Each structure stands twice: as C-alpha cells, then as structure tokens.
Amino acid sequence: MSSIRLTRLFTFEAAHALQNYKGGCRNIHGHSYKLEVTIIGTPIVSETHPNDGMVMDFKELKKIVQETIIEPIDHALLLRQDAPLELVEALRHLSHKLVLTPFQPTCENMLIDFKQKLRHLLPPQVRLHSLKLWETEKSFAEWYASDNL
Ligand SMILES: Nc1nc2c(c(=O)[nH]1)N=C([C@H](O)[C@H](O)COP(=O)(O)OP(=O)(O)OP(=O)(O)O)CN2
Ligand SMILES: [Zn+2]
C-alpha cells in the first residue's frame, strides 16, 4: 500500500491588524492569502467504489475547507478579541464582516486555528499532513503534523 499526499490550494482576501506591533502592520490592512492544505492516505482499491483510486475526492476536501476555514474569514476583518471596544462597536454598527480572534491574527496563529478546526472533520481514512499559508507573495508559514508529534 502506498501513502499518497493530496494538496488543494485555496485563496481568500482578509484584512487584519496586529495589535501592539511596532510597525505598519498594527494598522488595519489586507492580504490576498493563499492556503495549501495537504492530506495523506492510501487510495481506495475497490472496483465498485465510486471513489476507487482516490485517497479522498478533491471535491469533498474543497467543501470541508471552504465551509470551515475560508467562508467565515473571506473578505472579513480579523482583529484580536481585545481590540478597542469603540472600534469593534463602530465596525459592527456599520455591518462590517468582523471576526474577533482569541489570538493575534498572524500567519502562525491562523494556521494553528485552521489545523484544530480541520483535524476533526477529515474522514477516518486520511490524516492532515500539512498546511501552508501565504500572507504575501514573499512570506508564508507552515504547519506539519510530523513537527508536532
Ligand atoms: N512572523 C510573522 N511576522 C509578520 C507577520 C506574521 O503573520 N507573522 N505579519 C506581518 C504583517 O501582517 C504583514 O505580513 C507584513 O506584510 P508586508 O508589509 O507586505 O511585508 P514586508 O514588509 O515583508 O513586505 P515588503 O514587500 O518587503 O515591504 C508582519 N510580520
Ligand atoms: Zn498583515
């Protein structure tokens, strides 16, 4: 039996601010994020199975990631939950898509959050292998299951 990795690429737009950061990123600004989700498993061997030859249907992976990770934050503003109350209230009043996070919304923390959300939703025959989040064209962070045994 051969283990095979499958990767699906996702893109989303989000704004954030890094609270207390010493530099421009403390201001609200946006990124066109890219997320690579890699799972690992062995392909199904069953001539009668609709997913014969697949570790997992790419479409199924897309649905899980899209609904769990992408849709809640696409075109949203991510702020740490202790952001100034007046700002939070003003944004809510203007019906902005605001997501308050219990962590500083860095690449690193977003990956930890994504990993926690995804792990329990994948079918039993596959495992989450790694996540790679591109914040800019030049900067990305990665989470690997093998780094966290
Ligand atoms: N370890 C981390 N460092 C930084 C993060 C992060 O998530 N993890 N995030 C930021 C900012 O949010 C943002 O990514 C900085 O973007 P940008 O100003 O475009 O980055 P650069 O200055 O590197 O880009 P240049 O094109 O070279 O100006 C900051 N740090
Ligand atoms: Zn940023």
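How many helices and strands are there in the protein chain? The chain has 3 helices and 6 strands. The model is predicted.

**Figure 1. Overall fold of the protein chain in the predicted model.** Along the sequence, the elements follow the pattern β-β-α-β-α-β-α-β-β. The C-alpha atoms fill a box of roughly 60 × 30 × 25 Å along the principal axes. The chain has 149 residues, and 14% of them are buried. Among contacts with a separation of 6 or more, 57% link residues 24 or more positions apart.

**Figure 2. The residues around ligand 1.** Eight names make up the view: L18, C25, T106, C107, E108, E135, T136 and S139 surround ligand 1. By class, this shell holds 3 nonpolar, 3 polar and 2 charged residues.

**Figure 3. The largest nonpolar core.** In soluble globular proteins, nonpolar side chains tend to be buried together. Here the largest such core has 18 residues. Those touching the most other members are L35, V37, I39, L61, L78, L131 and L133. Several elements each give two or more residues to this core: strand 2, helix 1 (58-73), strand 3 (76-80), helix 3 (107-119) and strand 5 (126-134). V37 illustrates the packing. Beyond its neighbours within four places in sequence, V37 is in contact with T7, R8, F10, L61, V65 and L131. Two of these partners, L61 and L131, are also listed with V37 among the core residues that touch the most other members.

**Figure 4. S32 in strand 2.** Strand 2 covers residues 29-41, and S32 lies within it. Is S32 buried or exposed? S32 counts as exposed, because it has 12 C-beta neighbours inside 10 Å. Setting aside neighbours within four places in sequence, S32 is in contact with T11 and E13.

**Figure 5. The hairpin of strand 5 and strand 6.** The two strands run antiparallel. They are joined by 5 bridges. Strand 6 spans residues 140-144. Between the two strands of the hairpin lie 5 residues. Which residue stands opposite W134? That residue is F140, in strand 6.

Note on methods
Residues are numbered from 1 along each chain as its sequence is written. Chains are lettered from A and ligands numbered from 1 in the order in which they are written. This is a predicted model: local features need pLDDT of at least 70, side-chain atom pairs count only at pLDDT 80 or more; totals for chains, interfaces and linings use all residues. A residue is near a molecule or strand if its C-beta atom, placed from the backbone, lies within 6 Å of it. Ala, Val, Leu, Ile, Met, Phe, Trp, Tyr, Cys and Pro count as nonpolar, Asp, Glu, Lys and Arg as charged, and the others, Gly among them, as polar. Helices (H or I, at least four residues) and strands (E, at least two) are DSSP runs, numbered from the N terminus. A residue is buried if 20 or more other C-beta atoms lie within 10 Å of its own, exposed if 12 or fewer, and partly exposed in between; C-beta atoms are placed from the backbone. Two residues are in contact if their C-beta atoms, placed from the backbone, lie within 7 Å. A nonpolar core is a set of buried Ala, Val, Leu, Ile, Met, Phe, Trp, Tyr and Cys residues joined through C-beta atoms within 7 Å. Two strands pair if DSSP finds at least two bridges between them.
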